[in-house]
Amino acid sequence: MSAFERDENGVFQQIKDWKPDEDEEDPDMDILKQCQKWHEKGQYQKIIDALEAIPAGERTPEMDSELARAYNNLADPYKPGGKEMLKKAIALLKPHEEYFAEDHCWNFRMGYSYYYLDQEGRALRYFEKALEARPDDEDTKESECFRERTENWWETFAEMEAELRQMMDDDKDHTRGAEIVAQMEGALNQAFDEISFEMGFNGEKHELILTPEGDKVKLFELIYFQKHAPKEVLEHWNILVGRQPDLAGGAG
């Protein structure tokens with residue numbers, strides 16, 4: 001294995017006489033295995049530096065997919081440069097769409113990039129393909145049942161949401177917060193075994209913010225859940241999915 005570093009002009013140059021640390025890198029280790037070790041330690045920039053040092057024409061589809069995962073993991077769409085990293089990930093993944101057509105990880109990474117670029121429609125298509133690519137996964141089977149629960153839940157919530165909004169609006173002294181949260185939690189537990197959420201009012205609409213807590217399968221479910229909110233609910237509520245770090249890494 002070789003190592004590279006940027007010179008004063010930002011160009012990668014091979015480091016002469018470089019040797020890996022015994023506890024960190026194996027000189028005989030395959031580059032993808034080494035990237036997996038870095039990934040497990042959250043060292044995403046090392047993955048980017050190592051794979052970007054390989055000319056694009058010499059990288060395999062697997063290398064490009066690994067590089068895209070690192071960009072996804074490092075990207076914060078709410079900070080400068082974050083969305084550019086997500087776009088870079090898509091640019092790396094897109095040329096290999098036919099090669100990875102039925103691959104769970106590739107579809108998840110595409111969906112993740114599009115989702116945090118605020119292109120939920122495209123993201124959902126890839127997330128659903130990611131689920132289909134793991135037909136024997138217990139979580140995938142559970143997600144099939146979840147789709148039916150989602151439809152039933154929104155029908156129920158549409159009937160109760162006006163009362164819940166009134167409770168929130170009347171709670172001027174914030175003494176009924178626990179009661180309101182308990183009521184929403186009880187409702188959400190009809191669709192989710194466990195769910196983390198926040199509620200509020202942004203001055204125009206009430207908000208329900210759902211978070212996947214680092215669970216990639218729950219991210220699929222929450223986005224599906226969000227996209228199927230009925231119009232009559234969305235007139236009064238913003239249904240949001242909060243970002244959790246390291247979900248891109250969960251795709252394997």
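Looked up E161 first: E161 sits in helix 7, residues 138-170. Helices here are DSSP runs of H or I with at least four residues, strands are E runs of at least two, and both are numbered from the N terminus.

Housekeeping: this is a predicted model, where local features need pLDDT of at least 70, side-chain atom pairs count only at pLDDT 80 or more, and totals for chains, interfaces and linings use all residues. Residues are numbered from 1 along each chain as its sequence is written, and side-chain values use heavy atoms, with hydrogens and water left out.

Is E161 buried or exposed? I get buried, at a relative accessible area of 5% (buried is under 20%, exposed over 50%, partly exposed in between; 1.4 Å probe, protein chains only).

Next I checked partners. Skipping neighbours within four places in sequence, E161 is in contact with H236 and W237 (contact: heavy atoms within 4.5 Å). With W237 there is also a side-chain to side-chain polar contact of 2.8 Å (a pair of N or O atoms within 3.5 Å; within protein, one must be able to donate a hydrogen and the other to accept it, and residues adjacent in sequence count only if both atoms are side-chain atoms).

Then R59, which I found in the loop between helix 2 (44-52) and helix 3 (61-74). R59 is buried too, with a relative accessible area of 11%. Its side chain makes a polar contact of 2.6 Å with the side chain of D64. Beyond four places in sequence, R59 also touches others by the contact criterion, including L51, L67 and L92.

Whole chain: I count 10 helices and 5 strands, and 44% of the 252 residues are buried.
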